[in-house]
Protein chains: 2
Amino acid sequence: MHHFNVPTRDPGEYLAELNSRRFEKLKRQIAYLWGNEDYFRPRFIAAGVTSPDDIRSFDDFRALPPFMDKASHRASQEESLARYGHPFGLHLTAPLKDVIHLAATSGTTGQPTWYAFTRKDQAITNEILARLFAVAGVRPGDTTFHAFGLSLWLAGITFMQALEAYGARPVAVGAEGGISKILRYIEMTRPRALFATPSLVAQLIERAPDEIGKPVGALGIEILFCSGEPGVGLPAFRDRVTEAYGARIFDVTGGAWHNGTISCGTGWHGMHHLAEDYCFRYDLVDPVTRAPIELKDGAVGEALHTALDYEAAPAFRNATGDILRLHVGECPSCGQFGSRIEIIGRADDMLNVKGVKVYPSALQDIVTGFLPHVSGQLRIRLDGPPPRVNPPLKVVVEAAETMPADEWDGLARAIEQRSRDILALRPAVTVVPFGTLPRSNQKTKLVEIVPAQS
Amino acid sequence: MHHFNVPTRDPGEYLAELNSRRFEKLKRQIAYLWGNEDYFRPRFIAAGVTSPDDIRSFDDFRALPPFMDKASHRASQEESLARYGHPFGLHLTAPLKDVIHLAATSGTTGQPTWYAFTRKDQAITNEILARLFAVAGVRPGDTTFHAFGLSLWLAGITFMQALEAYGARPVAVGAEGGISKILRYIEMTRPRALFATPSLVAQLIERAPDEIGKPVGALGIEILFCSGEPGVGLPAFRDRVTEAYGARIFDVTGGAWHNGTISCGTGWHGMHHLAEDYCFRYDLVDPVTRAPIELKDGAVGEALHTALDYEAAPAFRNATGDILRLHVGECPSCGQFGSRIEIIGRADDMLNVKGVKVYPSALQDIVTGFLPHVSGQLRIRLDGPPPRVNPPLKVVVEAAETMPADEWDGLARAIEQRSRDILALRPAVTVVPFGTLPRSNQKTKLVEIVPAQS
């Protein structure tokens with residue numbers, strides 16, 4: 001599935017071999033970044049590195065602190081705009097004239113995060129995305145339908161161009177085309193694969209009968225290639241969508257700094273990492289101390305992202321804020337041997353219950369495991385601001401509409417026990433009637449702070 | 001300026017040499033299209049051609065009837081959808097699997113017209129667009145700002161990719177990003193060149209002070225690269241925009257079947273044709289009889305479009321409906337020798353005033369030549385349906401707000417005389433007060449049918 005073709009099937013040997021090959025690339029990349037006096041070299045020096053040769057091993061590399069996070073990324077962009085008249089950052093390591101492709105995420109502050117690509121960066125991106133297309137079953141020669149947002153998004157023209165490079169003829173209407181045009185053009189062009197966010201995929205199910213007089217299942221789409229939002233990881237969503245379309249569904253991340261991961265479409269056991277030869281995306285550290293965490297099957301930590309070959313404005317020990325669980329071995333779904341990653345939370349969401357670290361999304365996963373007995377809605381109620389929580393952790397779970405009230409107590413105990421088994425934490429679960437917890441079109445806040453009455 | 005590097009400066013010799021080189025390419029292209037049994041071969045046969053070898057000369061080629069127009073193009077698309085499950089037309093001459101890029105114009109009927117590209121078609125498109133970028137003064141290494149509609153339009157991702165191939169780093173927010181985001185991102189990325197429709201270029205002038213607290217003239221844009229709508233040909237528009245931005249402005253057509261034309265940015269003397277080695281865009285015929293019109297400086301007729309090397313679904317004797325005037329010689333603005341084309345109307349707009357053919361837009365050009373004495377608004381009033389008109393042709397012209405009423409009569413006579421000199425037609429001009437003629441946000445209908453009172 002990727003080009004570091006490591007023959008072993010032993011997880012420990014596999015990672016050791018990957019790490020050794022990664023380090024060969026890292027030596028070259030570190031020497032390259034050392035040439036950047038505006039951003040990278042000062043950070044090496046601040047970390048006690050006086051020359052690229054000081055970093056003698058993969059462990060030396062992993063002992064370095066994070067070099068960038070969202071805030072320092074944006075500060076770097078503002079400073080390069082002020083100093084050099086471009087917003088691509090002081091950490092731009094290629095000559096500006098060699099940057100030919102741009103993408104950006106607009107973020108919540110209105111200040112975009114820019115991704116710059118040289119031709120080589122773009123060619124490798126195309127190669128990595130091609131691996132994802134192949135795993136999803138997209139074939140060169142297929143007609144594909146691109147309905148991600150086109151305007152600067154990584155899943156936009158960056159993905160669309162990778163489809164062209166792969167030879168899979170994208171009909172690039174984009175999310176901007178709107179639901180009605182998307183449905184009419186799907187009907188007209190008969191794509192094998194649809195590229196869209198989970199929420200757009202769901203909207204098409206609702207709107208198809210009115211817009212084109214037939215259900216999405218009549219459109220002949222065989223592959224749903226999703227990105228940009230969570231959703232595909234939720235069994236209820238996955239079941240509803242695969243049934244409505246009669247298609248397999250894949251969850252994908254990719255485009256940014258040679259990352260490329262995909263779920264395997266036959267269940268949900270994390271995202272297969274298909275770009276290990278170009279991208280080290282699960283360099284796990286303790287989210288508080290930033291100390292490296294031993295990489296092995298089951299390891300959990302905040303992921304630093306380092307691109308191994310990136311030229312333009314690379315991720316190097318970039319603190320993603322994502323808390324990942326690493327899996328190494330055979331995938332329980334598809335049997336493929338390799339590494340998979342599972343995002344279980346955001347570093348800034350972490351709760352610390354007397355030393356036990358728990359992420360709200362991990363509790364959510366446990367609760368949704370009790371569908372259809374629960375509605376899926378839940379809240380974690382804290383007495384004071386996170387991350388420190390005095391036990392027990394209070395969790396309010398909404399019963400399903402059809403769940404008799406006399407079974408709520410047993411349900412609460414079962415959820416507590418499942419949490420104990422999986423998270424090593426026994427919360428205090430209260431089950432409340434269906435409809436009690438407010439819904440929102442926005443991403444629901446799982447955690448509420450309700451100061452204890454004195 | 002283009003790759004048929006014909007050394008002569010004699011217009012007749014120049015065209016003769018171009019035509020001879022075109023015919024060399026056409027022989028190959030005709031043999032290629034002959035292989036298409038669904039669309040092209042039946043049309044050759046209907047025209048009396050029993051083998052590609054029957055077409056022995058450029059004149060033989062020009063004597064063929066049109067092979068396609070908008071209606072037959074769409075019918076061809078509908079038929080291929082029914083027969084083969086793709087909407088790219090029975091005239092798709094390349095294997096579908098080799099089509100990797102798509103664009104479409106959505107048209108007024110909701111039925112799009114598709115443009116299909118093989119990799120070779122795309123590479124030649126990029127080469128032709130690069131010539132336009134170079135003429136406009138865009139340089140590899142520049143930051144450019146792409147604000148054309150991205151969703152399938154030819155000026156969308158097709159242009160954006162040509163900018164990347166050229167190395168001119170497009171910030172592809174697209175028209176879909178909206179005026180506010182476009183202005184903020186221009187401010188942040190400081191492009192040398194802005195790619196947008198004339199109406200978007202004008203909107204940015206209005207909105208910049210409110211959105212970013214400064215006029216567009218403070219943004220440092222040096223080049224306005226316009227397409228998709230008329231506008232740049234109007235002196236009043238051109239003057240207003242170049243002054244507001246402090247930039248040069250270029251009118252461009254390109255992207256479709258290897259067409260590529262651009263105005264020279266120093267006045268307005270038609271569009272330089274920069275793709276003569278790939279595209280025969282001024283194959284002029286009588287719009288009624290479809291008989292070929294001799295190609296020479298000043299020739300006017302309906303343009304057939306033939307792409308000389310196109311693989312996917314080529315234009316071949318495609319009746320564009322555009323009435324062109326061909327100029328061959330030195331450009332009065334920039335001095336460049338070559339061919340230029342000027343769209344003076346649409347075939348279906350043509351009026352026939354006792355044998356004199358006149359296009360409403362040609363009359364409009366004459367009237368706008370009287371700015372600032374006129375408002376620019378005018379109507380052509382017919383007694384009955386076009387194209388036949390009994391003389392005199394009645395034209396109502398609105399005076400400028402500042403124009404004293406006692407000068408209206410002299411103005412009317414001057415417009416009549418100018419029309420006589422340029423169009424060989426003396427209309428009956430009536431000048432009416434400023435504000436008399438209704439304005440519309442839509443394209444104004446120049447021709448009104450007002451049956452004579454009996």
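Predicted model: local features only at pLDDT ≥ 70, side-chain atom pairs only at ≥ 80, totals over all residues.
Which residue of β17(B) does V353(B) stand opposite? Residues are numbered from 1 along each chain as its sequence is written, chains are lettered from A and ligands numbered from 1 in the order in which they are written, and side-chain values use heavy atoms, with hydrogens and water left out.

View 1. V353(B) stands opposite V389(B) in β17(B). Strand β14 (residues 351-353) of chain B pairs with β17(B) in the parallel sense over two bridges. Helices (H or I, at least four residues) and strands (E, at least two) are DSSP runs, numbered from the N terminus, and two strands pair if DSSP finds at least two bridges between them. The open sheet has the order β15-β14-β17 in chain B, with mixed pairing. At its edges are β15 (356-358) and β17 (388-389) of chain B, each pairing on one side only.

**View 2. An open sheet of 11 strands in chain B.** Follow the strands in the order β4-β3-β5-β6-β7-β8-β9-β13-β12-β11-β10 of chain B; the pairing is mixed. The edges are taken by β4 (170-171) and β10 (279-285) of chain B, which have a single partner strand each, so one side of each is left without a neighbour in the sheet. Within the sheet, strand β9 (residues 271-273) of chain B and strand β13 (residues 337-346) of chain B run antiparallel and are joined by two bridges. Here M271(B) stands opposite I341(B) in β13(B).

**View 3. A right-handed crossover in chain B.** Strand β18 (residues 394-399) and strand β19 (residues 428-432) of chain B pair in the parallel sense over five bridges. To get from β18(B) to β19(B), the chain passes through helix α11 (residues 408-423) of chain B, making a right-handed β-α-β crossover. Right-handed means that, with the strands pointing away from the viewer, the path from the first strand over the helix to the second runs clockwise. Look also for V396(B), which stands opposite T430(B) in β19(B).

**View 4. Where chain A meets chain B.** Here 40 residues of chain A are in contact (heavy atoms within 4.5 Å) with 40 residues of chain B. The buried area is about 3400 Å², with carbon and sulfur atoms giving 57%; buried area is the accessible area (1.4 Å probe) that two parts lose on being put together, summed over both. In chain A, E164(A), R169(A) and M188(A) lose the most area to chain B, together 19% of what that side buries. Among the elements that each supply at least two residues to this side are β1 (99-105) and α5 (119-136) of chain A. The most comes from α6(A), with six residues.

**View 5. R169(A) and its backbone.** R169(A) lies in the loop between α6 and β4 of chain A. Its phi is near 25°, a positive value in a residue other than glycine.

**View 6. Two cis peptide bonds in chain A.** One cis peptide bond joins L371(A) and P372(A), with omega about 5°. You will find P372(A) in the loop between α10 (360-368) and β16 (374-382) of chain A. Another joins P391(A) and P392(A), where omega is about 0°. P392(A) sits in the loop between β17 (388-389) and β18 (394-399) of chain A.

**View 7. A salt bridge in chain A.** R22(A) forms a salt bridge with E276(A), their closest N and O atoms being 2.7 Å apart. A salt bridge is a side-chain nitrogen of Lys or Arg within 4 Å of a carboxyl oxygen of Asp or Glu. R22(A) lies in helix α1 (residues 11-34) of chain A and E276(A) in the loop between β9 (271-273) and β10 (279-285) of chain A, so the pair ties together parts 254 residues apart in sequence.
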